[in-house]
Amino acid sequence: MTKNILLSQDYLQKIQTQSIVNPKCRIRANNDLEAIDRWLDEYFEKPTTFRTYKKEAERFLLWVWYEQQKRLSLLTREDIDCYVEFLKNPNIKSWKPQIVNLKSDWYPFRKPLSSASIKASLTILNSMMQYLMQAYYLEFNPFVLVRKKGQFKNSVAEQAIQVQERILQPQEWKIFLQAANSYSQNDFKEQQKKSRLLFLLSTFFYLGLRLEELSNARWCDFRKVNQKWWFFVKGKGDKLGKIPINSFFLKDIITYRHFLGLPILPNELDSDFVFTSIDSKQKLSCRHISNIIKEVAVKAADLCKDNVYMSEKMKKISPHWLRHLSASKQDLAGISFTNISQNLRHQNEQTTRHYIHSFDDERHNQMEKLKIFE
């Protein structure tokens, strides 16, 4: 029985009839869907990885079945090239009524994938197919024949430009905060939503967390060590880290906890999630947080609609933009490169450099020495 990938009952029945019995198979899987479910189970305790791998597996599996009319065992090297071309321009709205049994606004793709996203997809799918080979479910993995994965990798310069385009300038950030503060507080429920929103933005700004990290944040992650407050986090790749909490953010913590009727400061025994639903008190999912940010972004876009460029930029804001903002603001505040890198917990220092203005400023100032007539 499958549980990780959800399909319509009619299509599920169709796929499950394509049973493959391999006496050498070392996993309980009679078809492609069950086999991929087993692979995803290996990552169940790593929510971020699981969600990413599930998304890529769903996309690929639907394409294999719907576009190629094949099973995984029949894929060729040429099929992989076809999939790459498909990722560059996916058109899959006709799939959903027949295949997918999910919410009405869900689609496997929202837009064509970037070169970096295609490369990441191929890497994940290669890992999946290799696993199924090692389990003797498949005899062949066509992804191992792909020798030009480098063509899908964005250059360092391209990545830096993309990051810079997603950093809010001071006026843009001011408008975004203005939009957040414009929410009504006519009743207590609205007051709760607004207070949660403002603390959400404060946490993004001061801690620069990834979306998953914010969703999983608990009050006991705020800890006082040697008279100084820190936020302890398990991030990407289960990497442990701690981020300093300054006096300004500590004041915001106290204010929000006071509004919630909690003791002024967190303690190590308080395992409740920081950001929860107003009604159910369950933790906010990544999608819920993302929707909250998007809603503010739309309001901000409306506030600056006279400036077409700025308004369009506002509409594109996502939670990860606020991580970019935090990094940029840390640099502008004079925090050292090493400390910014540690605060953001980047595995590669080059990633941190995308946010550091001082390198560009110094290079630009140096160019003032160059004169054509001297």
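Here are some friendly notes on the predicted model above, point by point.

1. **Ground rules.** Because the model is predicted, local features need pLDDT of at least 70 and side-chain atom pairs count only at pLDDT 80 or more, while totals for chains, interfaces and linings use all residues. Residues are numbered from 1 along each chain as its sequence is written, and side-chain values use heavy atoms, with hydrogens and water left out.

2. **Overall make-up.** The protein chain comes to 17 helices and three strands; helices (H or I, at least four residues) and strands (E, at least two) are DSSP runs, numbered from the N terminus. Of its 374 residues, 44% are buried, where buried means under 20% relative accessible area, exposed means over 50%, and partly exposed lies in between (1.4 Å probe, protein chains only). The accessible surface is about 21,600 Å², and carbon and sulfur atoms hold 51% of that surface. These areas come from the Shrake-Rupley method with a 1.4 Å probe, and for residues only the protein chains shown count as cover.

3. **Contacts along the chain.** Take the contacts in the protein chain with a separation of 6 or more: 64% of them are between residues 24 or more positions apart. Contact here means heavy atoms within 4.5 Å.

4. **Helices H8 and H9.** Helix H8 (residues 170–181) packs with helix H9 (residues 188–207) at an angle of about 155°, and their axes are 9 Å apart. H8 is therefore roughly antiparallel to H9. For reference, axes are lines fitted to C-alpha atoms, for helices over the stretch in contact, and angles run from 0 to 180 degrees between N-to-C directions. Angles over 145 degrees count as roughly antiparallel, under 35 as roughly parallel, 65 to 115 as roughly perpendicular and the rest as oblique.

5. **Who meets whom there.** From H8 come Trp-173, Phe-176, Leu-177, Ala-180 and Asn-181, and they meet Lys-194, Leu-197, Leu-198, Leu-201 and Phe-205 of H9. By class, that contact has eight nonpolar residues, one polar and one charged. The classes are as follows: Ala, Val, Leu, Ile, Met, Phe, Trp, Tyr, Cys and Pro count as nonpolar, Asp, Glu, Lys and Arg as charged, and the others, Gly among them, as polar. In the loop between H8 and H9 you will find Ser-182, which is partly exposed at 43% relative accessibility. Ser-182 and Lys-299 are 117 residues apart in sequence, yet their C-alpha atoms are 8.8 Å apart.

6. Leaving aside neighbours within four places in sequence, Ser-121 is in contact with Glu-56, Tyr-83 and Leu-87. On that basis Leu-125 touches Glu-56, Ala-57, Phe-60, Tyr-83 and Phe-143. Leu-125 and Tyr-53 are 72 residues apart in sequence, with 8.3 Å between their C-alpha atoms.

7. Ala-135 is in the loop between H6 and helix H7 (156–165), and is buried with a relative accessible area of 7%. Not counting residues up to four places away in sequence, Ala-135 touches Lys-24, Cys-25, Arg-26 and Ile-27. The C-alpha atoms of Ala-135 and Arg-26 are 5.1 Å apart, although the two residues are 109 apart in sequence. Tyr-136, in the loop between H6 and H7, is partly exposed at 44%.

8. **Backbone points to look at.** Tyr-136 has phi near 60°, a positive value in a residue other than glycine. Gln-227 also has a positive phi, near 70°, and is not a glycine. Gln-227 lies in the loop between strand E1 (222–225) and strand E2 (228–234), and counts as exposed at 66% relative accessibility.

9. **Asn-31.** This residue sits in the loop between helix H1 (9–16) and helix H2 (32–41). Asn-31 is buried, with a relative accessible area of 1%. Asn-31 and Leu-72 are 41 residues apart in sequence and 9.2 Å apart, C-alpha to C-alpha.

10. **Cysteines.** The structure holds zero disulfides, a disulfide being a pair of cysteine sulfur atoms within 2.5 Å. Cys-220 is buried at 14% relative accessibility, and Cys-304 is buried at 7%.
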